Structures are given as structure tokens and as C-alpha cells.
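Open the model in your viewer and switch to a cartoon view. This tour moves from selection to selection.

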Amino acid sequence: QTSIFNLVFSRIQFQNLYAGDYLEVFQVEYVSPLASGATRRYDFHIEDTLVQEGDTLIRVTYAPKSSMAFKSLRGTLWVHLGDYAVPHIQAVPVDKNVLVRVSVEQEYRKAENGRWFPDRLTARFPLPRIALRGDTLESYGRSTITVKDIVLDPQLHNSDFGVVDVEEVIASHKSSEKFLEQYRDSALNDKEIRTYEVIDSI
């Protein structure tokens, strides 16, 4: 019932994988596995090939070379064999001293103009362990951002943007289920519903 996690997750936004050599996670810049010269810093291994909706994808794992010391990531990426785009990437910082170990997953889909466009961003990070009746429960936070109602090549002006970086409207926890459902990417399953009932009653 606090908005602190909403504020934390709001700092994780989609980034263009091809726009630069770094991916930012919680305001820390890590060298992207797609950066220029990445093959000198990362080891890449082809793990599998799969066909999805008629498209061939190559699953590749990556990790920093043992001889290299830099702000690095470890994870998996999928390469679209048709145009060598990367429609799916998973990444987690390798740094052992990072304050919060966040794993980030980005998914893209091809828009009407043939270009790949951000579709979904998922971020996960561990939360403090919960001691309950002699047992210790592992917990984690998860945030999913889904891009909808895409408008290609909109006519935007500087006046369309304000000075506010993050703006949040806090909905009451008493808001109706119908009100909340319009913002959920997927319906809650029975386990999630029961979990909310238990957590809210602790």
C-alpha cells in the first residue's frame, strides 16, 4: 500500500538497443552486448534455434570474458534470422557489489512499417525476506510495462512536453476491481488473488 515500488520501477524504462553502447539499469550504465566491439568484451554462445510464428530465431547466451573487467551484463538474447534484429533480450548485472540486483527483459515486435518496436519490458528484483511463523519466505518485485496504441511518426513539438519527469496518480486501495482491471496487462490468477489477501492482512 505504498507507492515507493511504483517510483522505483518507473526509473526502468525502454532503451533503444541500437542507439548507444550502454544499457542503463537503475541509473548505472552497463556495456551493452550489442555495443560496437562487444565481441572483444563478451563471450557469445549459440544455444538453440526455434521457429515462432513462421520466423526463425536463434537463442544466444552472453557473458563477459573472464579476462575483462568492466560494467557488464549476463543473459540471453534472441536474433531474428530474417533481418538480424534482436526482438528479445534478458540481462542482469554481473557486478557483485550492486545494491539491488535487477534483471531486465525487453521484448520487441515488428510494427506496420516493418521496424521493430518496443512491446514489453519486465523488471524483477529480490525483496527482503519475510519471517512468518518460523518460516522464511523468499519474495521479489516484478514490474511489467506494455506498450499499446502505437502511433507511428507523430507530429510532436517541444511544447508537448512539460518539466515533470515522473507523474503518478495514486489510486486508492479501495478502488473497484473493474477500475484496476483496465490497467492490468493480464488477469490475476487464483494464486495471485489469494496472495494479495494474505499480504494485505499481515
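Which element gives the largest share of the lining of the second largest pocket? Select β7: four residues of the lining come from this strand. Keep in mind that this is a predicted model.

**Stop 1: the pocket**

Stay at the second largest pocket, with a volume of about 340 Å³. Its lining has 15 residues. Next, colour the elements that give two or more residues to the lining: β3 (42–52), β4 (55–64), β5 (73–80), β7 (103–110) and β8 (116–132). Now colour the lining by class. Six residues are nonpolar, three are polar and six are charged.

**Stop 2: the sheet**

Zoom out and select β3 through β9. They make an open sheet of seven strands. Step across it in the order β3-β4-β5-β6-β7-β8-β9; the pairing is antiparallel. Which strands are the edges? Select β3 and β9: each of these edge strands pairs on one side only. Turn the view to look along the sheet. From one strand to the next, the twist averages 15°.

**Stop 3: β5 and β6**

Select β5 together with β6, residues 88–93. The two strands run antiparallel and share six bridges.

**Stop 4: the β7–β8 hairpin**

Move on to β7 and β8. Eight bridges link them in the antiparallel sense. Pick Arg109, then find its bridge partner Phe117 in β8. Follow the chain into the turn. Five residues lie between the strands of this hairpin. Where does the turn have a positive phi? Click Gly114, with a phi of about 90°. Bring the pocket back into view: β7 and β8 both give two or more residues to its lining.

**Stop 5**

Continue from β8 into β9, residues 135–146. How many bridges join β8 to β9? Eleven, and the strands run antiparallel. This hairpin has two residues between its strands. Select Arg133, which takes a positive phi near 55°. Then select Leu132, which stands opposite Asp135 in β9. The tour ends at β9, one of the edge strands of the sheet.

Technical notes. Residues are numbered from 1 along each chain as its sequence is written. This is a predicted model: local features need pLDDT of at least 70, side-chain atom pairs count only at pLDDT 80 or more; totals for chains, interfaces and linings use all residues. Side-chain values use heavy atoms; hydrogens and water are left out. On a 1 Å grid over the protein atoms alone, a cavity is a set of points where a 1.4 Å probe fits but cannot get out, and a pocket is an open set with protein on both sides within 12 Å along at least five of seven lines; lining residues have an atom within 4 Å of a point. Grid points are joined across faces, edges and corners, and a volume is the space filled by probe spheres set on the points. Ala, Val, Leu, Ile, Met, Phe, Trp, Tyr, Cys and Pro count as nonpolar, Asp, Glu, Lys and Arg as charged, and the others, Gly among them, as polar. Two strands pair if DSSP finds at least two bridges between them. Axes are lines fitted to C-alpha atoms, for helices over the stretch in contact, and angles run from 0 to 180 degrees between N-to-C directions.
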